[in-house]
Amino acid sequence: MSILRDLPRFRYLWLSKAISSAGSGASRVALVLLVIPSGSAAVTCTLLATMAGVLISPVAGAIADRADQRLLLLIGETGQGVIYAVMAIARPPLPVLLPLVALASLLATLASPAGKSSVGRLVPAERRSQANALLSLAMNLQIMVGPAAGGVLAGIAGAPAAFAVN
């Protein structure tokens with residue numbers, strides 16, 4: 001963990017990825033809880049929309065290599081934030097919700113390789129394995145912490161609260 005103390009620019013990248021990943025996991029659970037009353041087809045469509053990024057994942061790395069990585073991160077993270085803020089405030093119906101979820105997934109997929117490839121600029125070669133391990137931990141927060149947080153938030157204050165936190 002000393003790398004987070006020693007390299008503030010990497011620390012900021014790591015914090016943004018950790019927070020974003022946990023928020024994405026929370027939102028995914030909140031989405032499912034939100035659409036359950038609409039039936040199993042709505043849940044299936046919603047989960048498929050969260051996987052839209054898979055469609056562009058084969059080219060996401062190539063895009064990140066050719067684009068300004070900071071700009072790509074900024075667009076990806078800010079775009080997701082705006083989308084989830086709209087979902088929290090507007091509470092759109094399912095036909096509007098699904099494209100928003102798919103767009104957020106696409107933005108997350110585009111931003112992911114830009115964050116990973118930024119490690120080379122931010123971290124000295126001898127500490128890159130440590131940095132990459134911490135980035136993997138940050139991404140795993142989506143699996144470990146996010147769903148629990150999303151379930152608690154959605155249960156206490158409703159799905160839009162989980163979207164707002166994300």
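Here are a few friendly notes on the predicted model shown above.

1. **Overall make-up.** The protein has ten helices and zero strands.

2. **Dimensions.** The C-alpha trace spans about 50 × 30 × 25 Å along the principal axes of the protein. The radius of gyration is 16 Å, which agrees with the value near 15 Å that a compact globule of 166 residues would have.

3. **Burial and contacts.** Of the 166 residues in the protein, 44% are buried. If you look at contacts between residues at least 6 apart in sequence, 78% of them join residues at least 24 apart.

4. **The α2/α3 pair.** Two packed helices are described by the angle and the distance between their axes. Helix α2 covers residues 8–35 and helix α3 covers residues 40–50. Their axes come within 9 Å and cross at roughly 155°. Angles over 145 degrees count as roughly antiparallel, and α2 and α3 are therefore roughly antiparallel to each other. The crossing in which α2 passes α3 is right-handed.

5. **Who touches whom.** On the α2 side, the contact is made by Arg28, Leu31, Val32 and Val35, while α3 brings Ala42, Val43, Thr46, Leu47 and Thr50. Sorted by class, this contact of α2 with α3 has six nonpolar, two polar and one charged residues.

Technical notes:
Residues are numbered from 1 along each chain as its sequence is written. This is a predicted model: local features need pLDDT of at least 70, side-chain atom pairs count only at pLDDT 80 or more; totals for chains, interfaces and linings use all residues. Side-chain values use heavy atoms; hydrogens and water are left out. Axes are lines fitted to C-alpha atoms, for helices over the stretch in contact, and angles run from 0 to 180 degrees between N-to-C directions. Helices (H or I, at least four residues) and strands (E, at least two) are DSSP runs, numbered from the N terminus. Angles under 35 degrees count as roughly parallel, over 145 as roughly antiparallel, 65 to 115 as roughly perpendicular and the rest as oblique. A crossing is left-handed if the near helix is turned anticlockwise from the far one by less than a right angle, and right-handed if clockwise. Contact means heavy atoms within 4.5 Å. Ala, Val, Leu, Ile, Met, Phe, Trp, Tyr, Cys and Pro count as nonpolar, Asp, Glu, Lys and Arg as charged, and the others, Gly among them, as polar. The radius of gyration is taken over C-alpha atoms; the globule rule is 2.2 Å times the number of residues to the power 0.38. Buried means under 20% relative accessible area, exposed over 50%, partly exposed in between (1.4 Å probe, protein chains only).
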